[in-house]
Amino acid sequence: TIYPDAQTASVAVAQRIAKLIRNKQANGSKAVLGLATGATPVAVYKELVRMHREEGLSFQHVITFNLDEYFPMQNDAEQSYVTFMHQNLFDHIDIPAQNIHIPDGTLRKEDVAAFCINYEKQIEDAGGLDLQILGIGRTGHIGFNEPGSAPNSGTRLVTLDDLTRSDASRDFGGKENVPTKAITMGIGTIFKAREIVLMAWSAKKAPIVKKAVEGEISGEVPATYLQLSDNVEFVLDADAASEL
Ligand code: GLP
């Protein structure tokens, strides 16, 4: 779906999320959301906060699982995805703290594998992801599933691509400060979501959006795997869609 601009598109995605939350609540069940970080979903979160404040949208019965986190990473670091999520969403809504799940960047390396297995289990125990939202990196990564990721991959520790670390260098005051690793949900984890919405804004994303939508399906551009799913919607602004 192509919208004239990112703001209109973000409001539409927020409305879709709000509808899911309200439908689930009406059935007495919980909405399980897969959440993303980066600049792309910020306006979606802003609109959800507005709906919470002005329209009484409640997150009491919402469970969230974030896609990824840098590794190693302290929770209270400025660049952590924990900080990002609290600043952009969680601190402004009524979600119970125990319903929030974000990969743990503070673990000892030897504890990461067990954490990842448990993360998958927690998603399953919650009933699976109802809706996963995604951005896309310029390498074609979704979450931090960089080129070379397997289509059936699960949550795991990965090495970040050089381009991804360059793109993150501003947040870290220099590329040398960007962690070389991250914990990310896998392509397989994302695929199990009942609905997937990938968002991309601006001309900067146009070449990778073209590859993801029209390119050959290949591990070289992990987002191309989404072509194999029936439950995916790409939500784009006109600039991101300009090369399609
Ligand atoms: C990071 C995140 C991804 C995100 C990507 C794009 O690498 N781990 O989940 O999609 O950045 O970021 P942005 O939305 O800022 O363009």
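## Strands and their pairing

Two strands are taken as paired if DSSP finds at least two bridges between them, and the strands themselves (E, at least two residues) are DSSP runs numbered from the N terminus, as are the helices (H or I, at least four). Residues are numbered from 1 along each chain as its sequence is written. The model is predicted, and local features therefore need pLDDT of at least 70, side-chain atom pairs count only at pLDDT 80 or more, and totals for chains, interfaces and linings use all residues.

Strand 10 (residues 232–237) pairs in the parallel sense with strand 1 (residues 2–3) over two bridges, and Tyr3 has Asp237 as its bridge partner in strand 10. Strand 9 (residues 195–200) is also paired with strand 10, in the parallel sense and over five bridges, with Met199 opposite Val235. Five of the six residues of strand 10 are buried, a residue being buried if 20 or more other C-beta atoms, placed from the backbone, lie within 10 Å of its own.

Three strands form an open sheet in the order 4-8-7, with antiparallel pairing. Strand 4 (68–71) and strand 7 (156–159) each have a single partner strand and stand at the edges, so one side of each lacks a neighbour in the sheet. From one strand to the next the twist averages 30°, where axes are lines fitted to C-alpha atoms and angles run from 0 to 180 degrees between N-to-C directions. Strand 7 pairs with strand 8 (residues 181–184) over four bridges in the antiparallel sense, and Arg156 lies opposite Thr184.

Leaving aside neighbours within four places in sequence, Ile136 is in contact (C-beta atoms, placed from the backbone, within 7 Å) with residues including Ile142, Leu198, Ala200 and Val209.

## Helix 3

In helix 3 (residues 81–88), the buried residues are Tyr81, Val82, Phe84 and Met85. Seen down the helix axis they fall within an arc of 165°, so they line one face of helix 3; the arc is that of the directions from the helix axis to the C-beta atoms. Their cover includes strand 2 (31–35), strand 3 (62–66) and strand 4.

Definitions and conventions:
Two residues are in contact if their C-beta atoms, placed from the backbone, lie within 7 Å. A residue is buried if 20 or more other C-beta atoms lie within 10 Å of its own, exposed if 12 or fewer, and partly exposed in between; C-beta atoms are placed from the backbone.
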